[in-house]
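Hi everyone, thanks for making time for this. I'd like to walk you through one structure, starting with its charged pairs and ending in its loops.

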Amino acid sequence: NVSNVVHAFSRLSCYNLPLFQNLVKRVASEDLTAYKLYELGVLCHNLAKLKSGGEKVYSAMFGELAKRPAEVWEPKAVAQVLDAMRRRQMFSHPGLLVLLFQRFFSTLPSYSVHSLTQASWCLVELDALDCAEELHQELPPDEAPQGFPQGRHAMRRVFERLQELDSQEPFTPTQRCHVQTLIRAYRYRHELDHGLLPPKVKSFCKAQFDVSSSVVSAVAR
């Protein structure tokens, strides 16, 4: 019921200070093990979207989520919790971040375009690519030694998967805008590694901006 109430207020962009103060107090003090992963993920995400709650409640929610087994995390839940952590970065949970990073890359083929771009964009915004060292990836021969090869290879996998999805069904204008946002964020935060991506991957990234500016502007509005 708490998750449903917060979700409804988030969808309506409504905020009632006394109500949310009481809700946050309740969540921070109750047994969160009773929540299903989906329920806790939705609650966490929507509280973050409403900019509600402080360190106590997010420590409790992120701490409980970090205890959930990796195999129960669905793509949507991974993307939602990463977005919650991005929105409330001051309360980020390192252990949960590593868990989500590893789960994301171990199940990459199962992600839709929306969940894939949302989750990877959040990882970039959270400066979480250092977690790539935990993947123990075998780097291909064409991966340059300069920069941070492990993090770059992780993003290369994301872009290559997006390229596969685009070839199966061309991106909609909205999806393309999300892909552009991801590329811009990665290029801004990791300019060197972006420049060292393999030519085929860089060509894909460049091609995402070869669309009419009027179309992009219309979607943005």
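Let's begin with a term: a salt bridge is a side-chain nitrogen of Lys or Arg within 4 Å of a carboxyl oxygen of Asp or Glu. The idea behind it is simple: side chains of opposite charge can pair when their charged atoms come close. Please keep in mind that what you see is a predicted model. It holds 12 salt bridges.

Here is one to find on the screen. Glu125 forms a salt bridge with Arg189, and their closest N and O atoms are 3.5 Å apart. This pair ties together distant parts of the chain: Glu125 belongs to helix H7, residues 113–125, while Arg189 belongs to helix H9, residues 173–189, which puts the two 64 residues apart. Is Glu125 buried or exposed? With 19% relative accessibility, Glu125 counts as buried, and the cut-off for that is under 20%. Arg189 has 34%, so Arg189 counts as partly exposed.

Some salt bridges also share partners, and in that way Asp142, Glu143, Arg152, Arg156, Glu160 and Asp193 are joined into one network.

Let's stay with H9 for a moment. How far apart are the end C-alpha atoms of H9? They are 25 Å apart; at 1.5 Å a residue, its 17 residues should span 24 Å, so the two values agree. Several residues of H9 are buried, among them Arg176, Val179, Leu182 and Tyr186.

Asp83 forms a salt bridge with Arg86, with 2.8 Å between the closest N and O atoms. Both sit in helix H5, residues 75–87, and because they are 3 residues apart, about one helical turn separates them. In general, an α-helix has 3.6 residues a turn, so residues three or four places apart point the same way. Asp83 is buried, at a relative accessible area of 2%.

Compare Arg26 and Glu30, which form a salt bridge with closest N and O atoms 3.5 Å apart. Arg26 is partly exposed at 47%, and Glu30 is also partly exposed, at 23%.

Last stop, the loops. Lys51 is not a glycine, although its phi is positive, about 55°. You'll find Lys51 in the loop between helix H3 and helix H4, and it counts as exposed at 68% relative accessibility. His136 also has a positive phi, near 50°. His136 lies in the loop between H7 and helix H8, and it counts as exposed at 70%.

How values were computed: Residues numbered from 1 in each chain as written. Predicted model: local features only at pLDDT ≥ 70, side-chain atom pairs only at ≥ 80, totals over all residues. Heavy atoms only, no water. Buried < 20%, exposed > 50% of the residue type's maximum accessible area, 1.4 Å probe, protein only. Helix = DSSP H or I, 4+ residues; strand = E, 2+ residues; numbered from the N terminus. Expected span 1.5 Å × (residues − 1).
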